[in-house]
Each structure stands twice: as structure tokens, then as C-alpha cells.
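Here is a short briefing on one protein model. Keep the structure open as you read.

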Amino acid sequence: MSTLRSASRRFRGAVRHEVNLVEDDVITLDGNGRESLLLPVWPTVEVTAVLLDNETLVEGTDYSWSEAGIIRRLGCQVWPNRLRCIKVTYSHGWAEVPTDISDAVIEQARAAFRSEPGVKSKAVGGQSVTFETGVTSQWSEAVQRHQVQTGSDA
């Protein structure tokens with residue numbers, strides 16, 4: 001497997017989603033007793049269905065949504081504070097991977113390609129061994145910016 005492919009897979013694992021466009025993804029969410037819910041992966045491209053306790057809600061009347069992955073109840077309503085009561089069908093991700101992601105993946109692949117695998121330091125008396133598994137700051141920033149959001153992030 002190429003170093004670049006490995007870095008791409010590692011990035012997707014770190015952010016916990018595909019990054020590329022995923023259409024008609026169906027997820028089940030917990031209600032939070034508040035007006036807004038956060039979808040786990042963004043950017044949100046389209047929301048095609050929202051079911052609350054298996055009843056279809058109407059966009060523009062019952063809810064609205066944003067590219068940032070927020071689904072908001074309308075008409076002074078809130079989402080019920082119950083587990084697994086909301087089902088959302090939506091499309092998310094990018095048709096073209098953003099530059100910050102591709103740059104971070106390429107930089108990480110270069111660093112991995114240049115590094116020699118194995119022991120990077122050792123101590124004799126205390127029998128200490130250290131392996132290199134580091135990441136670049138660009139990688140860390142891109143992962144933090146694009147990782148899956150949780151309900152507590154709303």
C-alpha cells in the first residue's frame with residue numbers, strides 16, 4: 001500500500017468519516033430537549049427526510065437545517081429528550097476534498113516516507129524504548145477541524 005493511501009486512510013480514521021460526499025446517509029439521533037440538534041458529519045449538503053417517532057416532519061414548517069449540520073425545530077418546538085427518536089436522511093461531505101485536508105495528508109505521507117521505522121530512542125539502565133508515531137501540526141489542526149461532531153457539541 002502506498003504511503004499516501006495509508007495517510008488518507010489514517011486521516012479518515014482520525015476524523016471518523018469518509019470526508020468525500022456521502023449521499024442519503026441515514027442516521028438515528030437522540031433528542032436533547034433543545035431547539036437544535038447537531039448532525040455528526042458536515043458540511044451538510046442536503047437533508048431529504050427527518051422523522052420524529054416515525055412521523056415525517058416538513059422542512060420549513062417543522063424544521064430547518066444549515067450547512068454547518070444544525071437541525072433546528074421551528075414554531076417554538078424542541079426536540080424531545082428521548083433516545084433514538086429522530087431519524088435523519090442527509091447528504092454530507094465534499095465532492096472535492098478541501099485543500100487543508102489534502103495538504104495535511106500529503107505532508108504526513110512525506111514525513112512517514114522519510115522517517116525510518118523502528119526505535120527512535122532507547123535508554124540502557126531503565127530499559128526505555130520510544131517509537132516514532134508523531135503527526136504534524138497541520139495534520140492535528142485538520143483532524144480537529146473536520147472530525148465527527150457529537151451531540152454534546154451543539
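The points below cover cysteines, a loop residue and a helix.

This is a predicted model, in which local features need pLDDT of at least 70 and side-chain atom pairs count only at pLDDT 80 or more, while totals for chains, interfaces and linings use all residues. Residues are numbered from 1 along each chain as its sequence is written, and side-chain values use heavy atoms, leaving out hydrogens and water.

**Cysteines**
- The whole structure holds zero disulfides (a disulfide is a pair of cysteine sulfur atoms within 2.5 Å).
- C76 is exposed, because its relative accessibility is 79% (exposed means over 50% relative accessible area, buried under 20%, partly exposed in between, with a 1.4 Å probe and protein chains only).
- C85 is buried, because its relative accessibility is 5%.

**Loop residue V97**
- V97 sits in the loop between β7 (86–92) and α2 (99–114) (helices are DSSP runs of H or I with at least four residues, strands are runs of E with at least two, and both are numbered from the N terminus).
- V97 has a relative accessible area of 29%, so it is partly exposed.
- Beyond its neighbours within four places in sequence, V97 is in contact with V19, N20 and S102 (contact means heavy atoms within 4.5 Å).
- N20 lies 77 residues from V97 in sequence, yet their C-alpha atoms are 6.4 Å apart.

**Helix α3**
- W139, A142, V143 and H146 are buried in α3 (residues 137–146).
- These buried residues line one face of α3, because they fall within an arc of 100° seen down its axis (the arc is that of the directions from the helix axis to the C-beta atoms).
- S137 and Q144 are exposed, on the face turned away from the buried side of α3.
- The cover over the buried residues of α3 includes α1 (3–15) and α2.
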